[in-house]
Structures are given as C-alpha cells and as structure tokens.
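Hi everyone, thanks for coming.

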Amino acid sequence: MPLLYYSYRNDMSIEHFESAFKKSPEGEARFVRGIQLGSTSAHKLEALREACWRVSIATEIVSFASPSEINAQPFGEDEIFRGAMNRARNAQKNNLHAAAIGIESGIILRDDKYVDFAFVVLLAPDGKRFFKSVSAGTEFPRDAVLRAQAKGFAHTTAGDIIAE
C-alpha cells in the first residue's frame with residue numbers, strides 16, 4: 001500500500017511559535033525560562049531543538065514523561081487535541097514559568113480513510129495562551145485500525161496491530 005499524505009489546517013505557524021515568547025527587536029536570540037516537553041522521545045526532542053534554532057530561541061529544553069490522560073489509541077480530533085493539551089499542561093507543572101509543548105498522535109477518519117496525524121500544542125509561559133499545529137497525515141491500514149478498535153483503543157493501538 002503506498003503511503004498517502006493528507007494535509008490539515010494549522011493554527012500555528014513559525015510566527016505563532018515566535019509570538020509565544022518575548023521578541024527581540026534586533027532579531028537576536030531570545031532567552032526564555034525554558035521549554036518543558038511532555039515527552040521523552042528523542043525524535044520529538046530533536047524536532048523541538050530544531051524549531052527553536054530556526055526561530056533563534058535560546059533556552060533550556062527539559063523533557064518529561066507526561067501523561068496524556070486519554071486512550072492508548074486516540075481517535076478523532078477532540079481526543080487527539082485533548083491528549084496534546086494534557087501533555088503540555090502536565091509538563092508545565094514542572095516549571096510554571098516555562099512554555100510547554102505536548103505532542104499527541106492519533107487517527108482521524110477522513111474521506112473514508114483512517115489517517116494518523118500528530119497534534120502539537122504550545123502552551124505559553126502564562127499558562128493561558130496556546131497554539132495548535134497539526135502534522136501532515138499518513139494513511140493507516142483500515143484492517144489494523146478496526147482490529148485495534150475491536151480490542152479496545154484504551155489499551156491497543158493500530159501500531160500494535162501493524163507490528164504483530
């Protein structure tokens with residue numbers, strides 16, 4: 001099966017990412033009080049470092065195993081967003097003066113296809129403002145999603161089924 005990529009609307013751009021922090025009129029690196037990443041994934045940590053470098057933000061990034069408080073296999077926009085926001089809020093508890101980022105992947109039924117998207121939530125240091133972005137999507141095999149759903153999304157993911 002060829003990989004199909006789906007686009008998704010984004011509420012967050014590089015400009016939004018920058019605006020969550022104090023701007024330097026001279027274009028110099030801005031120092032913020034840290035970013036708490038609600039994940040211990042090396043890939044997510046490297047992606048965040050790259051994003052900070054691209055917008056000249058110099059800060060300490062600390063990663064935490066931050067619970068999403070949702071099903072193991074999130075399904076639908078609301079649940080995926082809630083998981084990303086929960087990860088950001090739980091990570092920010094470690095430093096209330098820092099920005100926090102939560103990333104959650106999940107499946108959305110789009111055009112009769114099951115598509116995996118990653119939702120990214122940036123919670124500003126004030127703990128009130130947030131920005132959301134969504135990755136491009138990758139189609140998942142229908143059979144894997146339906147089998148995971150039959151076993152229960154609470155504990156089984158489509159990825160678990162694919163890996164069998």
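Let's begin at Ser 56, which is partly exposed because its relative accessibility is 31%, between the 20% limit for buried and the 50% limit for exposed. You'll find Ser 56 in the loop between helix H2 and strand E4, residues 57-58. Its backbone has a positive phi of about 60°, although Ser 56 is not a glycine. Please keep in mind that this is a predicted model.

Asp 112 is another non-glycine residue with a positive phi, here near 65°. Asp 112 sits in the loop between E6 and E7, and with a relative accessible area of 57% it is exposed.

Now let me step back to the whole protein. It has 5 helices and 9 strands, and from the N terminus on they run β-α-β-β-α-β-β-α-β-β-β-β-α-α. There are 164 residues, and buried ones make up 44% of them. If you take contacts between residues at least 6 apart in sequence, 61% of them join residues at least 24 apart. The accessible surface comes to about 9000 Å², and carbon and sulfur atoms account for 53% of that.

What about the inside? The largest nonpolar core has 14 residues, and those touching the most other members are Ile 35, Leu 37, Leu 48, Cys 52, Ile 61 and Ile 101. Strand E3 (35-37), helix H2 (42-54), strand E6 (99-110) and E7 each supply at least two residues of this core. Apart from it lies another core of 13 residues, including Ile 80, Met 85, Ala 88 and Val 121.

Next, the aromatic rings. How many aromatic pairs are there? The count comes to 3. In one of them, Phe 75 and Phe 153 have ring centres 5.6 Å apart and planes at 25°, so this pair is stacked. Phe 75 lies in the loop between strand E5 (61-63) and helix H3 (77-92), while Phe 153 lies in the loop between helix H4 (142-151) and helix H5 (158-163), so the pair ties together parts that are 78 residues apart in sequence. Phe 75 is partly exposed at 29% relative accessibility, whereas Phe 153, at 11%, is buried. Together with Tyr 114, Phe 75 and Phe 153 form one aromatic cluster.

Phe 81 and Phe 130 form an aromatic pair too, and theirs is tilted, with 5.7 Å from centre to centre and 45° between the planes. Since Phe 81 is in helix H3 and Phe 130 in strand E8, residues 130-134, this pair ties together parts that are 49 residues apart in sequence. Phe 81 is partly exposed, with a relative accessible area of 23%, and Phe 130 is partly exposed at 38%. Have a look at Lys 132 as well: it lies over the face of Phe 81, at 5.3 Å from the ring centre.

That brings us to strand E8. Buried or exposed, what are most of its residues? E8 is mostly covered, with 4 of its 5 residues buried. E8 pairs with strand E7, residues 113-123, in the antiparallel sense over 5 bridges, and Val 120 stands opposite Ser 133 in E8. The hairpin of E7 and E8 has 6 residues between the strands, and there Gly 127 takes a positive phi near 75°.

Key: Residues numbered from 1 in each chain as written. Predicted model: local features only at pLDDT ≥ 70, side-chain atom pairs only at ≥ 80, totals over all residues. Heavy atoms only, no water. Phe/Tyr/Trp six-rings, centres within 6.5 Å; stacked < 30°, edge-to-face > 60°. Buried < 20%, exposed > 50% of the residue type's maximum accessible area, 1.4 Å probe, protein only. Lys NZ or Arg CZ within 6 Å of the ring centre and 35° of its normal. Pairing = 2+ DSSP bridges. Core = buried A, V, L, I, M, F, W, Y, C linked by side-chain atoms within 4.5 Å. Contact = heavy atoms within 4.5 Å. Areas by Shrake-Rupley, 256 points an atom, 1.4 Å probe, with all protein chains shown as cover.
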